Amino acid sequence: MSEKLQKVLARAGLGSRRELETMIQSNRVSVDGQIAKLGDRLENVDAKIRIDGHVVSVKESTDVICRVLAYHKPEGELCTRHDPEGRRTVFDRLPKIKDSRWVSVGRLDANTAGLLLFTTDGELANRLMHPSRKVEREYMCRVFGEVNDKMVKNLVSGVKLEDGEARFEDVMYAGGEGMNHTFYVVINEGRNREVRRLWDSQGVTVSRLKRVRYGDIFLEKALPRGGWMELELKEVNYLREMVELPHEKESLLDVDKESRKRAKSKSQKIRRAVKRHDERTVEDRNTSGGRRGRNNKKPVGSSLPRNSNSDAKPAGKPTSKPTGKPSGKGKKPAAGSKPVRSKFSPNGKAPKSAPRQR
């Protein structure tokens with residue numbers, strides 16, 4: 001074994017690579033009694049590693065099973081582990097795991113909803129996020145303002161932003177009326193607020209933004225806002241193959257016949273879990289600073305299935321309503337589906353086209 005020290009420690013769930021690099025530079029990490037330096041490599045997994053004087057354990061990369069979660073991020077949640085103001089973060093809803101931690105594959109800003117991936121493999125996350133991999137991300141965006149063919153052509157050919165040139169790989173019109181239009185757009189980078197800034201460059205505003213696809217992983221319609229589900233081995237290996245990592249041979253998911261039967265009712269279980277958590281959250285808020293009920297007892301919560309969310313909001317009315325009305329000329333495409341490519345109609349009328357299912 002010969003890997004960079006911060007990489008081994010990150011895989012063990014002791015922090016992100018950036019956090020661990022800062023620890024190493026601050027002389028907080030030692031290996032076999034010697035203060036570690038940035039760039040050191042770990043030759044022996046049995047070496048005694050200490051962080052702030054406390055012994056930590058690490059594992060061989062072959063001993064760690066790669067897990068990936070698909071999470072339906074609601075608007076208003078932050079993509080950070082801790083918020084000084086106490087606002088809700090995407091990590092609050094994820095299941096607890098031992099001897100590891102969830103690493104976010106990219107970020108979505110607070111006002112953007114949709115598909116967000118998490119993994120226990122930091123190397124997988126880093127490779128998926130790297131611009132050189134050009135992994136496609138697809139977004140459903142509702143824009144407010146007049147949009148014409150020239151503007152769409154500009155967005156596809158490329159426009160100059162403050163951090164360099166950017167462009168949409170593809171733009172598909174999905175309908176609209178008046179000043180509100182819905183598009184599906186594809187990018188292969190993860191720059192900060194890139195989709196919004198591209199539309200802003202053409203003088204129109206994005207009133208709603210939702211990621212519906214990452215690579216070939218789609219946001220399932222059955223997954224409610226605030227819900228998560230663990231990807232199967234086939235999907236995990238698709239992501240690993242895409243970034244030239246070896247395939248995993250096993251998964252922590254049950255794949256027997258009984259579990260496949262239970263999978264049919266998985267979305268209902270997730271929704272019930274979301275609802276139960278919301279009820280507990282409301283009760284906690286009502287009793288914060290005082291006693292919890294008559295007998296000073298904590299709210300009782302039911303245990304959740306493996307592939308569900310234990311900390312989520314109910315699928316009710318959104319806290320903020322998107323601007324405009326959905327198109328009256330056809331049904332709105334479901335999350336995880338694409339509309340048939342069609343030429344944009346600048347007169348505000350949606351072309352008659354059915355959504356192309358996944």
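The largest pocket of this predicted model holds about 1200 Å³ of space. A pocket here is an open set of points on a 1 Å grid over the protein atoms alone, where a 1.4 Å probe fits, with protein on both sides within 12 Å along at least five of seven lines; its volume is the space filled by probe spheres set on the points. Because the model is predicted, local features need pLDDT of at least 70 and side-chain atom pairs pLDDT 80 or more, while totals for chains, interfaces and linings use all residues. Residues are numbered from 1 along each chain, and side-chain values use heavy atoms, without hydrogens and water.

**Largest pocket**

- By class, 15 lining residues are nonpolar, eleven polar and 15 charged, where charged denotes Asp, Glu, Lys and Arg, nonpolar denotes Ala, Val, Leu, Ile, Met, Phe, Trp, Tyr, Cys and Pro, and polar denotes the others, Gly among them.
- Elements that each supply at least two lining residues include α2 (17-25), α3 (122-129) and β15 (205-214); helices (H or I, at least four residues) and strands (E, at least two) are DSSP runs numbered from the N terminus.
- Helix α2 gives the largest share of the lining, four residues.

**Helix α3**

- Gly-122, Glu-123, Leu-124, Ala-125 and Leu-128 are the buried residues of α3; buried means under 20% relative accessible area, exposed over 50%, and partly exposed in between, with a 1.4 Å probe and protein chains only.

**Salt bridges**

- The model has 20 salt bridges, each a side-chain nitrogen of Lys or Arg within 4 Å of a carboxyl oxygen of Asp or Glu.
- Glu-136 and Arg-213 form a salt bridge at 3.1 Å, N to O. Glu-136 lies in the loop between α3 and β10 and Arg-213 in strand β15, so this pair ties together parts 77 residues apart in sequence.
- Arg-213 is buried at 3% relative accessible area, whereas Glu-136 is partly exposed at 35%.
- Asp-163 and Arg-197 meet in a salt bridge at 3.0 Å, N to O. Because Asp-163 is in the loop between β11 (159-161) and β12 (164-166) and Arg-197 in helix α5, the pair joins parts 34 residues apart in sequence.
- A network of salt bridges links Glu-162, Asp-163, Glu-189, Arg-191 and Arg-197.

How values were computed:
On a 1 Å grid over the protein atoms alone, a cavity is a set of points where a 1.4 Å probe fits but cannot get out, and a pocket is an open set with protein on both sides within 12 Å along at least five of seven lines; lining residues have an atom within 4 Å of a point.
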